[in-house]
Amino acid sequence: MASMRGVSFMLEVQGLKKTFTSGLVSKRSVKAVDGISFNIADGETFGLVGESGCGKTTVGRLVLRLIEPTEGKVIFNSIDVLKLNKKALRKLRPQMQIIFQDPESSLHPRMKIGDIIAEPLKLYNLVPKANREKKVLELIDMVGLQPEHVNRFPHELSGGQSQRVVLARVLALGPRFIVADEPTSSLDVSVQAQILSLMNTVQEEFHFSCLFISHDLNLISRMTSSMGVMYLGKIVEAGSTKELFEEARHPYTRALMSAIPIADPQTKRKKIVLEGEMPSPMNPPSGCRFHTRCRFKEKICEKTEPQLIDLGEGHRIACHLYAAEDKRLVIRHRVTVEI
Amino acid sequence: MTLAKSRNMDEFLKNRASVAGLIVILMLITAAILADFIAPYDTDKIALKEKLKSPSWEHPMGTDQLGRDVLSRMIYGTRTTFELSILVVALTSTFGVFIGIIAGYFRGVIDEILMRLIDVLLAFPSIILALVIIGALGPGMINTIVAISLVGWLFYARVARATTLSIREKEYIEGARAMGCSDGYICLRYVLPNCLPPIIVLMTLNLGSVILSIAALGYLGLGAQPPTPEWGSMLNEGREYLRDCPWLCVFPGLMIMLAVLAFNFIGDGLRDAIDPRQMVIK
Amino acid sequence: MLNNILKRLGIFCLVLTVSTSLVFFMLHSLPGENAEVMAKYIFLGNVELNPSNEEVQLVKEKFDLDRSLLSQYYSWATNAFHGDLGRSYKTNAHVLEEILIRLPATITLALIAVLMSLLIGMPLGILAAVKQNSTTDYLCSATAVLGISMPNFWLALLLIMVFSLALKLTPTIGYGGPSHLILPVVTLGTATTAVVMRLTRSSTLEVMRQDYIRTARGKGLDHRDIMITHSLKNALIPIITMVGLEFGHLLGGAVIIETIFAWPGIGRLLIDSISARDIPVIQGTVLFITLMYMLLNFTIDILYPIFDPRIGGS
Amino acid sequence: MTLLSIEHLNSHFMTVDGIVRAVDDVSLEIGENETLGLVGESGCGKTVLALSLLRLLSENTKTDGRVIYKGRDLLKLNEKELRGVRGKEIAHIFQNPLSSLNPVLTVGFQISEPFLRHQGLKKSIANSRAVQMLGLVRIPSAPDRAKEYPHEFSGGMRQRAMIAMGLACSPSLIIADEPTRGLDVTIQAQIVELMKDLIKNSGASMLLITHDLSLAAQLCDKVAVMYSGEIVEYADIKEFFKGPAHPYARSFLESVPSRGMKPIRGISPSLINPPPGCRFHPRCDCSMDICKSVHPPLTEVKDGQHARCLLYA
């Protein structure tokens with residue numbers, strides 16, 4: 001299904017699952033990611049949003065096979081990533097890269113910035129030795145650092161600068177797809193704005209696809225064209241970012257949207273404050289995983305797990321309120337929300 | 001070389017005790033190397049006429065029960081002790097760090113085996129295990145090395161493993177994997193250099209305790225055998241004359257303490273100089 | 001909780017089995033020599049003389065030394081489990097009895113030394129931490145390094161030289177009244193005291209830097225309350241762990257010190273048996289030393305959650 | 001009525017690299033029943049400012065100036081008098097509850113301590129008061145929860161426990177340092193609602209330290225923006241969000257994702273060696289030649305809105 005609506009996908013993820021097991025005698029298992037599917041078009045940025053512990057970070061690692069998935073399919077540029085052997089995977093690696101949350105621990109503390117950026121060039125012999133220094137300086141300039149940074153060590157840089165170095169090194173490999181895992185969550189807002197606008201610029205220039213993982217809906221709305229909302233290892237709602245922000249359907253998405261902090265005291269908004277906290281993924285609720293905090297909970301929610309259904313235009317939702325055959329519930333929900 | 005390293009160096013050099021320790025160790029090593037030139041007498045020269053002389057200009061540390069010059073034997077003893085202890089530490093640290101990094105990085109069976117081995121072997125006081133090994137193999141210098149090394153590498157393996165475990169969670173390791181670096185490359189270029197600071201501290205402190213162990217075995221008559229000059233066995237020989245010739249016991253013990261003290265001071269200084277957050281010892 | 005104890009008990013048994021077998025195999029790894037030593041004792045009663053081949057062969061048959069090591073170990077272990085550790089090659093006495101006679105002497109020595117190190121080391125460590133960077137602090141720290149670096153056998157000789165031979169304040173060696181205890185305990189406890197002091201100092205300093213101490217100050221608590229309720233309990237956690245490990249060093253030290261002071265404990269028994277190659281005694285003594293060390297650490301592990309609620313709660 | 005007034009407060013401390021001027025000549029006022037937001041990015045000195053009010057900084061920090069609370073200068077009180085103020089008159093809710101709660105003491109006991117210390121209650125009574133407090137911050141089954149240790153609490157609950165501890169003795173001023181940092185949005189929303197209610201009901205004043213302008217927007221009456229150890233803007237919350245006067249405050253607001261996410265170029269200056277003149281001038285779009293040499297004073301721009309900028313001088 002490489003092209004459903006004539007769009008060619010850079011990345012297709014189908015039914016991705018990861019179960020972590022621990023303990024030798026009494027095995028405990030956690031379904032960190034439980035059957036996730038999404039597609040990312042060429043050059044597009046897909047956002048994955050959810051609260052801590054929902055499994056969004058794991059998804060990023062699974063897609064790149066930094067963690068081995070338990071089940072599922074990851075097709076990158078028509079290559080089935082999970083079927084590759086070690087050697088073939090290594091060959092593919094430069095095309096799929098990742099940017100991490102914590103810039104401070106993303107850089108080898110005993111290597112100079114210049115060497116860090118040159119390492120991928122050396123590793124894959126992407127640039128002849130004579131031109132390497134030039135290429136490094138080019139990359140450094142591109143991410144907005146100064147040539148004198150080449151001889152610095154990571155601990156001499158600020159968080160924002162470190163994240164620029166990470167970006168330069170990733171770009172050195174010329175990737176087609178980048179996972180950005182909360183790339184700015186440890187930075188100040190003004191620096192966050194710097195890094196994200198830099199990412200937008202280089203994405204235009206290098207034309208890569210991006211999986212943008214964040215807990216911050218404000219960023220998702222600015223950075224992505226389509227998005228998925230995760231709760232306890234599952235996608236509960238997905239679709240184009242615009243549509244989800246205009247008309248979120250799932251009660252969880254709605255609550256998340258209403259909790260978006262707005263930097264303006266004048267804007268008064270009806271807030272849906274969710275009660276309780278996310279249950280432990282070790283012991284997830286039966287049926288719909290959100291039912292313990294949901295205001296529209298029905299009997300069915302406690303027993304049966306809702307399937308992800310398509311509401312049209314790629315807007316997918318997993319909620320019994322929207323079970324296709326039961327229009328009555330849909331209407332009832334709308335009414336409740338409007339009040 | 002770098003800002004971080006030079007600042008660590010400054011920090012270390014500011015610590016007067018550590019610098020003193022370093023000087024003492026350098027002096028002892030020089031003495032060990034140049035023993036042939038410095039030592040005033042032949043260590044094995046028995047002169048019964050001269051026996052049990054108290055310290056004098058001729059024999060600054062006196063003579064022993066066979067009339068041998070204590071100072072000369074002390075100098076050659078330095079050589080014995082340093083040869084043995086450096087050999088032990090070199091062997092154990094290399095092997096231990098290797099195993100520790102492999103276990104910590106790959107986890108799995110190797111790690112499980114290492115952990116159980118640590119459980120078992122460190123369930124004895126290490127000197128007891130060394131005694132048992134010597135009990136099996138018989139006394140002697142080689143057996144002393146074997147006995148101490150057989151347990152000693154575990155300390156390095158434990159520290160290397162713990163450090164590796166914390167390093168492998170760092171995002172730069174994941175980044176290297178995402179870049180397509182092989183595991184061997186990552187262990188060598190990424191894990192090892194970041195493992196080294198605590199290992200170097202451990203090596204320094206360990207040199208002190210190895211010297212103590214060697215001396216203890218020597219003292220018990222299980223280590224270096226006479227007539228080889230060795231501090232511990234010299235103490236053992238001098239013990240009988242404790243009442244009348246205390247210098248036979250005072251000087252060798254003083255030397256052992258001085259060497260161990262120096263290594264401890266250097267180790268403490270290094271530990272303080274290196275960012276304490278990187279330390280995983282204890 | 002119970003689960004945790006059972007798990008620890010399992011590990012305890014496993015480690016005990018593996019460690020005793022390890023020692024067993026190590027001691028029996030030279031089977032010919034072993035039989036030879038026994039033959040020396042049995043037929044000649046003297047280690048200096050060499051037994052004939054027939055005599056060695058006879059010993060091998062009598063003691064089943066030709067069997068595989070594994071089956072030899074199995075019979076040793078089953079016997080040991082039933083309280084029979086065999087007989088000494090040298091004296092033919094029951095090993096268990098030999099050990100049990102000597103055990104109280106070693107335990108007395110070790111326990112008093114631990115107690116001494118805690119009673120002296122902890123207050124001094126806290127004092128050094130509270131007066132950080134003062135002369136007191138430097139003095140304490142320097143003494144501590146000295147204590148750690150001092151070879152205990154040398155310290156023993158020095159103490160004998162000064163207090164017994166020169167000042168004649170204490171008996172030189174031997175076992176008897178409390179006065180006999182002084183020198184061995186001091187020798188044995190010095191290093192541990194130094195270690196306890198250093199650790200108390202560093203862990204107290206570490207705790208005082210923590211955010212929750214600031215919270216306590218922010219609540220308006222005074223220094224005394226902060227020290228007693230908020231910092232001491234946290235500072236104790238690493239010290240408790242360390243005491244368990246340090247007990248091993250102490251037992252090791254006891255081996256040497258008992259030899260010097262002619263203290264009739266199992267440490268001295270071990271050294272004697274090693275030089276006599278009296279294997280059943282070596283094996284038995286090591287078993288007991290390991291057992292003591294492991295029991296103490298086992299107890300500490302079990303009691304740990306009392307001090308640190310974060311461990312073993314769920 | 002002014003409850004607390006900070007006058008020319010300085011907090012400096014020595015490091016290997018030099019003197020860090022974390023708080024540099026700061027003057028602020030907090031009225032009764034008022035919530036003042038102190039906002040700024042990391043390293044601007046806002047936390048140091050908060051800690052210096054109750055003198056909770058380490059000993060190598062030099063603090064001078066005046067902190068007048070109900071007619072008394074807190075910086076001149078002796079230890080004993082100060083302990084009477086801490087936790088009773090002025091409570092400090094520290095950031096990062098996980099490290100700010102003692103791991104080996106039960107949450108209930110830690111909340112009961114202010115009662116024991118300041119009201120001299122008996123242990124059992126203090127304990128039941130602590131349980132009440134936990135109920136007040138909406139922790140379900142509070143009597144059982146009080147017996148648990150901090151590590152058994154979730155992040156949101158630990159934050160609630162910190163709030164309960166702060167409110168224990170009904171203080172007249174609460175200093176809350178980043179009370180929502182590190183929490184998920186849905187939990188943040190819960191905490192914000194809780195704090196709104198509690199502040200309203202208790203009638204206490206609050207000094208809210210945060211990096212998050214939207215949090216200030218929800219909770220504060222007035223806002224002060226801190227940059228490089230100085231207050232650069234001080235205004236009524238509504239006026240501020242209508243249009244900050246100081247270029248930094250404006251850029252800071254515009255860099256917030258919901259407000260345009262416009263980056264500010266350059267990096268924050270070090271507190272050891274700040275730029276001469278106006279500290280923001282190297283990054284400022286409106287900078288003039290005079291900004292490089294003249295240090296601007298805090299001047300009133302319009303009704304109650306103050307800015308430290310030469311544009312208004």
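Is Gly276(A) buried, partly exposed or exposed, and why? Gly276(A) counts as partly exposed because its relative accessibility is 42%; buried means under 20% relative accessible area, exposed over 50%, and partly exposed in between (1.4 Å probe, protein chains only). The model is predicted, and local features need pLDDT of at least 70, while side-chain atom pairs count only at pLDDT 80 or more. Residues are numbered from 1 along each chain, and chains are lettered from A in the order in which they are written.

Gly276(A) sits in the loop between α9 (251-258) and α10 (299-303) of chain A. Helices (H or I, at least four residues) and strands (E, at least two) are DSSP runs, numbered from the N terminus. Leaving out residues up to four places away in sequence, Gly276(A) touches Arg293(A), Ile187(D) and Gln190(D), where contact means heavy atoms within 4.5 Å. Arg293(A) is 17 residues from Gly276(A) along the chain, and their C-alpha atoms are separated by 6.6 Å.

Chain D also holds an open sheet of 4 strands, in the order β2-β1-β4-β5 with antiparallel pairing. Its edge strands are β2 (18-31) and β5 (72-73), each pairing on one side only; two strands pair if DSSP finds at least two bridges between them. Strand β4 (residues 61-69) of chain D is joined to β5(D) by 2 bridges, and Tyr69(D) has Arg72(D) in β5(D) as its bridge partner.

Chain C is divided into domain 1 (19-84) and domain 2 (103-307), with bounds from an automatic or database domain assignment. The C-alpha centres of these domains of chain C lie 38 Å apart. In chain C, 11 residues of domain 1 are in contact with 8 residues of domain 2.

How values were computed
Side-chain values use heavy atoms; hydrogens and water are left out.
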